[in-house]
Structure formats: C-alpha cells, structure tokens
Amino acid sequence: MSDLFEPTKAGDIALANRIAMAPLTRNRSPGEAPNDLNVTYYQQRATAGLIITEGTPITHQGQGYAHVPGLYKPEALEGWKKVTDAVHKAGGKIVTQIWHVGRVSHTSLQPGEGKPVAPSAITAKSKTYIINPDGSGAFADTSEPRALSLEEIPGILEDYRVAARAAVDAGFDGVEIHAANGYLLDQFLRSGSNQRTDAYGGSIENRTRLTLEVAAVVAKEIGGGRTGIRISPVTPANDVFDPEPQPLFNHLVSKLAGLDLAFIHVIEGATGGPRDFKQGDKPFDWDELRKTYRDAGGKGAWMVNNGYDKASATEAVASGRADIVTFGKLFIANPDLVRRFKEDAPLNEPNKATFYGGGAEGYTDYPFLP
Ligand code: 8OZ
C-alpha cells in the first residue's frame, strides 16, 4: 500500500512524492516568453513531486490564447531555461506540456492572420482570449478553421519533434503531450470534430493515428521514459464529442503501451467539472481503461486528475487505482501544498478572478505556511 508522500518514478523521472502539479493556463507571459514572475511562480511550487507546466504551444500556429508562453521563440527557450534551473535548484522536477490548439484559436493569433487548422473545417463553439488593438484583453469566439491537408501532417509531426527536443535542451525533465480538452489531437480523436475520409479519420484506428504518431515521434526524439501524455476521454471541453469514448480510448492506451512512456495522465470526467460526466449512453469505466493499458504491457505511471482532495487522492494511491495524483486549483492557491497535506494544515482558497492574466496578485502572492 502506497501513500501520497512516498517517492516514485514516472519512466526515467524520479519523483519525491506522488503529489503533482497539473498543467494550468495562467496567461502571464506577454510576448509568449516566460519572465521572472513566471520563474518565481514555478520555483515556489518545486516541492510538488512533479510540475507539469501550463500548455506550451509548439509553434505560432499552435497558439490559441494571448500571453501563453511557447517553445518556438529563442527568448521563450531562454525564459524556460531560467524556470527549469530554478525548479531544479529547489529540488523539484518539471516537464512541459507541449500543445497545439488546432481549431481553438483566433485569426488574430495565427501566422499571417490565417485560419486556425483542424482535422475538419468545423468551428468549435468555444471562446479564446485575444488582445485588442488598444492592448486590452477580451474573450472572443474561436475562428472558423480550415482542414489540414494530408500533405501537412508530416510537418505537424516535425513541429512536435522539434519542440520536444527544444524542451529537453531548455532543461525540462521531459514533456507531456497535450491530447486532452478539445485541442488538436483530441479534435482528431473524437468523431464530432473529425469528419475526415483519409487515413486520419473514420475508424478508431484512423482517428487515433495522429496522436499515436506524435507520441512515437516524441518518444523517439527524447526517450519514452521522458514522455507523458494527457487525455480526457469524456470531457466536452472546447466542444468535442464522441458517442463511444470507451473503445476509442481503450484502443489508444493499448497502443500507447508499446511506446514505454513515462506516464499516462487521465482527466476523469468533465475537465474542472463533474467527475461522473459521460458522453454516449454508458458511464465511462476508468478501471477498464487502466487495466487495458496494463494488460497491453503498459508500465508508465498512471496519473489521475479532476477534483481530488487529500482524502480521495490517498484512497486512489492506496488502492492502486493511481500512482500519482495531480492537483490544479489547489496548487494555484497553495505553493506548499505537499507540506499542507502532510501536516493536515488548512488550505488557502483559490481566487478565480486572478486565474487568467494579470501580474503577481493571485499568482505568486499566496502565502506559505509560516
Ligand atoms: C484554461 C484556459 C485556457 C486553456 C486546457 C490549456 O484546458 C487549457 C486551458 C485551460 O487544457
């Protein structure tokens, strides 16, 4: 029986405990490069067993929100180097979440103000965050996308490869591939957003192809032991839908098992919402998903997320249902969350008004225990 404070491994990455920080978009990097405030924020949270950074676009085309730090500009890579150095000096481990938003973008954020790209030309009923010409920020409807051509897919794979290499060169312990929450890879996975008739659409095998190719390319480039992936089998986030998520995601994890990845990170339920949310007519069976992965030989850490607290996380790890639990909002408000859990100390309350955008307030000013 394991507890949350016991060390573990996620592939090649050794974790001091099983309490990880979930990826969190904070929109505090104007110019798309991490700054000194971002360094402080991550360094403050270095006692997490593992930090997964906010989603980090692999290219300008992969960018869907203003003030999100990418991995494609030299100044961004210099900024990330400062982040990884600070976290390592503080004894922590950190991977970056490599991200392509696909259709969840706006022409004003795209190269040459072009259309965002997607599996199919279907607009997401969703919002993104842009900067107006006068400098003010605003939520805006996502723009109509264009379908990626078959000829463009190798270029997308190359973009993931280059970004994963750049991440490791910037000092990250590894990467998490963002295949969740209705972004590019999830758009290919779900039938609601993927109506292609080529090798990347239609059957489950075809819809999982891009995600599996990305995982294979990244694992080959930096090592499977430094590569994780995040999935959200039933989330409706960013207007994605699939009536039969169980066979789709069972197939995906059974194929991921062959890549010897560091971890599989599963958002159980609607992201940031009800854990029992379902798509299609059957409740999703999370145990079946994990068992499918293990039966296929998958040895990566099984990482779970969505609304956990100390008690439910302890139960998940003790029962073997999970190896690592990730916490989002609790890490926003409690930089010393691991210590607070250990001492059963009271938790600071997160302030929703300062989640996205702004400066130090609600970012680096949450108090530590004395
Ligand atoms: C909140 C706001 C913007 C983006 C995700 C990267 O849902 C995100 C995100 C979350 O995965």
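Contact here means heavy atoms within 4.5 Å of each other. Helices (H or I, at least four residues) and strands (E, at least two) are DSSP runs, numbered from the N terminus. The views below come from a predicted model, in which local features need pLDDT of at least 70, side-chain atom pairs count only at pLDDT 80 or more, and totals for chains, interfaces and linings use all residues. Residues are numbered from 1 along each chain as its sequence is written, and side-chain values use heavy atoms, with hydrogens and water left out.

**View A. Helix α1 and what covers it.** Let's start with α1, which spans residues 36-44 and has N38, V39, Y41, Y42 and Q44 buried (buried is under 20% relative accessible area, exposed over 50%, partly exposed in between, with a 1.4 Å probe and protein chains only). The cover over these buried residues includes β3 (19-21), β4 (50-57), α2 (74-89) and β5 (94-99).

**View B. Helices α3 and α6 packed together.** Helix α3 (residues 153-169) meets helix α6 (residues 209-222) at an angle of about 35°, and their axes are 9 Å apart. Axes are lines fitted to C-alpha atoms, for helices over the stretch in contact, and angles run from 0 to 180 degrees between N-to-C directions. From α3 the contact takes I153, L157, Y160, R161, A164, R165 and V168, and from α6 it takes L210, E213, V214, V217, V218, E221 and I222. Sorted by type, the residues of this contact are 10 nonpolar, no polar and four charged (Ala, Val, Leu, Ile, Met, Phe, Trp, Tyr, Cys and Pro count as nonpolar, Asp, Glu, Lys and Arg as charged, and the others, Gly among them, as polar).

View C. Around the ligand you will find T25, Y65, W99, H178, N181, Y183 and Y356, where being near takes a heavy atom within 4 Å. The side chain of H178 places an N or O atom 2.8 Å from an oxygen atom of the ligand. For N181, a polar side-chain atom is 2.8 Å from a ligand oxygen atom.

**View D. Q63 in its loop.** Q63 sits in the loop between β4 and α2 and is buried, at 3% relative accessible area. Leaving aside residues up to four places away in sequence, Q63 touches E32, P57, V68, Y72, V101, S105, L109 and Q110. Q110 is 47 residues from Q63 along the chain, yet their C-alpha atoms are separated by 7.1 Å. The Q63 side chain also reaches the backbone oxygen of V68 at 2.8 Å. As for E32, this residue belongs to the loop between β3 and α1, and its phi is near 60°, a positive value in a residue other than glycine.

View E. The loop between α9 (310-318) and β14 (324-327) holds S319, which is partly exposed at 46% relative accessibility. A polar atom of the S319 side chain lies 3.1 Å from the backbone oxygen of A316, and the side chain reaches the backbone nitrogen of R321 at 3.4 Å.

Note on methods. A polar contact is a pair of N or O atoms within 3.5 Å; within protein, one must be able to donate a hydrogen and the other to accept it, and residues adjacent in sequence count only if both atoms are side-chain atoms.
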